[in-house]
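Please look through the model below together with the notes that follow. Each numbered point takes up one place in the structure.

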Amino acid sequence: MSAATTRSRTPDRLCAEAVDLARAAAEEAAAPGVVGEHTGAVSEGDRVVTHFFECKEMGYRGWRWAVTVARASRAKNVTLDEVVLLPGPDALLAPEWVPWSERLRPGDMGPGDLLPTDAEDLRLEPGYSGEDEPIPSSAVSEEMAELVEAEDAEVTAGTPSHLPVAPTRGTIAALAEELGMRRARVLSRYGLHSAADRWEESFGSKTPMAQAAPATCVSCGFLTPIGGSLGQAFGVCANEFAPADGRVVSLSYGCGGHSEAAIMPKPPRPAPPVIDETKVDAFPLRPAADSGSVPDVSDEATAELGHS
């Protein structure tokens with residue numbers, strides 16, 4: 001162990017004895033009556049000592065006032081360095097801070113709230129990039145096209161004209177089954193309009209959430225399209241933090257969980273007050289004779305009424 005290390009761990013005698021100076025500094029920084037007993041001193045380095053005092057302030061159980069004093073080389077006067085309130089070994093501390101993205105739970109979002117989406121959100125992926133070559137997960141990619149051709153080669157032995165019977169995949173019944181029409185009954189136009197009115201009333205453009213949203217669902221990456229004629233005006237929300245998660249929403253609906261809501265809008269600034277300091281209002285020193293509620297009368301009229 002070096003001599004410098006030994007000196008730094010040994011408290012300076014004059015700094016260690018400056019308890020009154022440290023207490024006066026702590027009482028000046030704190031409220032009256034919250035600085036308690038002296039609990040010890042720790043050497044911070046050569047001629048630098050930190051004194052600890054008990055904190056009696058409500059809500060700071062186990063905290064200590066730390067007053068650091070120092071002395072210059074070959075000087076006899078001890079000077080004040082800093083005064084801070086630090087937690088002790090048994091101090092009552094606030095819980096560890098958790099980012100808002102981890103504290104958020106489904107249902108916490110209200111009208112006007114925004115939920116910025118991370119650029120690397122695993123729930124989203126790039127859409128159509130404008131290139132001619134589709135993405136690998138696309139239904140019309142080369143891999144999918146080759147797979148479809150292989151399936152067709154196994155299922156059909158040739159063109160429909162060379163087959164004894166028409167393939168099942170080419171019949172009207174198979175097409176109706178794919179479109180969801182091969183059922184005993186389907187929704188009528190009245191049923192479609194009734195469902196659309198209900199969905200529009202619950203998650204439509206006139207709701208408070210949609211009025212305060214930064215954008216509509218038609219441009220949101222969490223919107224899942226639905227088939228049929230209702231798919232032209234509605235979709236299914238797939239954002240777990242959105243208030244309409246798993247619900248059928250209108251394309252004109254919106255909320256703060258929009259996938260592109262990455263910039264928080266600035267709050268509206270009120271208009272500056274208009275103060276006219278150039279106009280002068282004249283106030284007379286004495287009120288005018290005709291400014292009161294009782295009209296001014298002469299002495300003769302007063303004498304007729306019997307008043308002096």
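What volume does the largest cavity have? Before the answer, a word on the basis: this is a predicted model, in which local features need pLDDT of at least 70 and side-chain atom pairs count only at pLDDT 80 or more, while totals for chains, interfaces and linings use all residues. Residues are numbered from 1 along each chain as its sequence is written, and side-chain values use heavy atoms, with hydrogens and water left out.

1. The largest cavity has a volume of about 110 Å³, and the search of the whole structure finds 1 cavity of 30 Å³ or more. A cavity here is a set of points, on a 1 Å grid over the protein atoms alone, where a 1.4 Å probe fits but cannot get out; the volume is the space filled by probe spheres set on the points, which are joined across faces, edges and corners.

2. The lining of this cavity (residues with an atom within 4 Å of a point) consists of 16 residues, and Cys217, Cys220, Cys237, Ala242 and Cys255 are those nearest its centre. Sorted by class, 11 of the lining residues are nonpolar, 5 are polar and none is charged, where Ala, Val, Leu, Ile, Met, Phe, Trp, Tyr, Cys and Pro count as nonpolar, Asp, Glu, Lys and Arg as charged, and the others, Gly among them, as polar.

3. Asparagine 239 sits in the loop between strand E6 (234-237) and strand E7 (248-250), strands being DSSP runs of E with at least two residues, numbered from the N terminus. Is asparagine 239 buried or exposed? Asparagine 239 counts as buried because its relative accessible area is 1% (buried is under 20%, exposed over 50%, partly exposed in between, with a 1.4 Å probe and protein chains only). Its side chain reaches the backbone oxygen of glycine 257 at 3.0 Å, and asparagine 239 also touches residues including Arg123, Phe222 and Asp245 (contact means heavy atoms within 4.5 Å).

4. Aspartate 81 belongs to strand E4 (residues 78-87) and is partly exposed, at 48% relative accessibility. Although aspartate 81 and alanine 70 are 11 residues apart in sequence, their C-alpha atoms are 6.3 Å apart in space, and aspartate 81 touches Thr68 and Val69.

5. Most residues other than glycine have a negative phi. Arginine 74, in the loop between strand E3 (63-71) and E4, has a positive phi of about 65 degrees. Arginine 47 is partly exposed at 28%, whereas arginine 74 is exposed at 83%.

Key: 1 Å grid on protein atoms, 1.4 Å probe; cavity = no way out; pocket = protein on both sides within 12 Å on 5 of 7 lines; lining within 4 Å. Helix = DSSP H or I, 4+ residues; strand = E, 2+ residues; numbered from the N terminus. Polar contact = N/O pair within 3.5 Å; in protein donor to acceptor, adjacent residues only side chain to side chain. Lists of a residue's contacts leave out its neighbours within four places in sequence.
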